[in-house]
Structure formats: structure tokens, C-alpha cells
Amino acid sequence: MSIEIDILNGDASWSIAEPLHSAVWPRHRVEKQPWGHVMWAHADLRVLIETPEDGLVCHVGIYFRTATWNGQKVHVGGIGGVCTREDRRGRGYATMAIDAAVHTMRANEAVRFAILFCEPHNVAFYEARNWRAFTGEVYCEQPEGRVRFTHMAPYVFDIVRAPTLGTIDLCGLPW
């Protein structure tokens, strides 16, 4: 079995990723989630994993942002929109895609740490991959203005040094 891993421009590749997103997160399910009303940022890059037999099986969005941590500007990378086709889970695709995303963020020498937001049922998955809980406060932009983001748990990954306490302001939409 061969696996193809592509890292593509976020906006240009949305048409490829959108059918997988819609299958994994159909609108009727999203609307029932605590985060269903959140306005999300668009990915700067996308990791797409395809197999010849199955086509697109996994997606991870990559985000780059100048945020603040305790009032100081810091360049961060983000991971969001992680999804794997339901019938192809448990085969390591998400791990491969996240590893490719982290590798891409490391190649951007300005990135100090990565941040993602996850639901409780995904905590063990990310912790097993060396993501650590950020126990401080996270703020972001929404149509109504700057808000504290509490809909999902923030997790950070060391690129240079990841904080676990304090206040992070994403200075834009969450991912």
C-alpha cells in the first residue's frame, strides 16, 4: 500500500478537503456541538493523506499566526480541522498527518510553539503524541469581538518552548 502525503496551500486545497470535512462533521452534528457556532480561521496550509485505494483519508490544517503570550508577541503554529474518514481510523493516518504538520511548523524558524484545541475524547490521543495541556486562558476574535475561548481544551507542543500557563491571545479567529 502506498500513501501520498501532500502539503498544499490552504485556500487552494479547500475544494479537495471539504468533502472529507462534510463527511466527518456533517452540519447537523456540528450545530449540536458546544463549538458549533464558532467562526473558525481558514488554514494557511493543509496536510492531505491519500491512498490509491481510498482517495483522501485524512486532513490536518496548519495555521501560522503572530499571537501574544502574557502580552508579548510570539509566532505560533496551529493545528486544526483534524479529521480521518471514519472507516479508515486506527491506521495511523492522523499521526502521520500531525507529524507532517509539526515538521512543517519546525521548518518555519519563527514558530516558537504549536497550539491546538481538542474535545475531551481526543485528549489521550494528543497527550500520547507529546502535546501538553495549556492550563491558562486563551482569547480569540469572534464576530462579537475578543472573547475567551473555552469551547475546547488548548494543548501546546514544544517547537522551541511551549508555555503551559499564562494568557494566550490568538489575535484572530481560532482554528
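A residue counts as buried when its relative accessible area is under 20%, as exposed when that value is over 50%, and as partly exposed in between. Keep this in mind as you explore the structure above, which is a predicted model.

**A first look**

Let's begin with the whole chain. The protein has 4 helices and 10 strands. Its radius of gyration is 16 Å, close to the 16 Å that the globule rule gives for 175 residues, so the protein is as compact as a globular protein of that length. Along the principal axes, the C-alpha trace spans about 50 × 35 × 30 Å. Of the 175 residues, 46% count as buried. If you take the contacts with a separation of 6 or more, 73% of them come from residues 24 or more positions apart.

**Helix H1**

Helix H1 covers residues 10-24, and a kink of about 55 degrees lies at Ile16, shortly before the proline Pro19. What caps the N-terminal end of this helix? Asn9 does, with a side-chain oxygen 3.1 Å from the backbone nitrogen of Asp11.

Several residues of H1 are buried: Gly10, Ser13, Ala17, Leu20, His21 and Val24.

Now zoom in on His21, which lies in H1. Is His21 buried or exposed? Its relative accessible area is 12%, and because buried means under 20%, His21 is buried. Setting aside neighbours within four places in sequence, His21 is in contact with Trp14, Pro26, His59, Gly81 and Cys83.

**Strands side by side**

Next, follow strand S9 (residues 153-158). It runs antiparallel to strand S5 (residues 113-118), and 6 bridges join the two. Within this pairing, Phe113 stands opposite Asp158 in S9. Strand S9 also pairs with strand S6 (residues 132-133), again in the antiparallel sense, over 2 bridges. Here Arg132 stands opposite Val156 in S9.

**Cysteines**

A disulfide is a covalent bond between the sulfur atoms of two cysteines. How many disulfides does this model have? The count comes to 0. Cys118 is in no disulfide, and the nearest cysteine sulfur, that of Cys83, is 15 Å away. For Cys171, the closest cysteine sulfur is in Cys140, 11 Å away, which is too far for a bond because a disulfide needs the sulfur atoms within 2.5 Å.

**Two residues with positive phi**

Most residues other than glycine have a negative phi. Asn70 is a residue other than glycine with a positive phi, near 50 degrees, and its place is in the loop between S3 and S4. Cys171 is not a glycine either, yet its phi is positive, at about 55 degrees. You will find Cys171 in the segment after strand S10 (167-169).

**Accessibility at a glance**

| Residue | Relative accessible area | Class |
|---|---|---|
| His21 | His21: 12% | His21: buried |
| Cys118 | Cys118: 2% | Cys118: buried |
| Asn70 | Asn70: 44% | Asn70: partly exposed |
| Cys171 | Cys171: 41% | Cys171: partly exposed |

Methods:
Residues numbered from 1 in each chain as written. Predicted model: local features only at pLDDT ≥ 70, side-chain atom pairs only at ≥ 80, totals over all residues. Heavy atoms only, no water. Bend = angle between axes of the 7 residues up to and from the residue. Buried < 20%, exposed > 50% of the residue type's maximum accessible area, 1.4 Å probe, protein only. Polar contact = N/O pair within 3.5 Å; in protein donor to acceptor, adjacent residues only side chain to side chain. Pairing = 2+ DSSP bridges. Rg over C-alpha atoms; globule rule 2.2 N^0.38 Å. Contact = heavy atoms within 4.5 Å.
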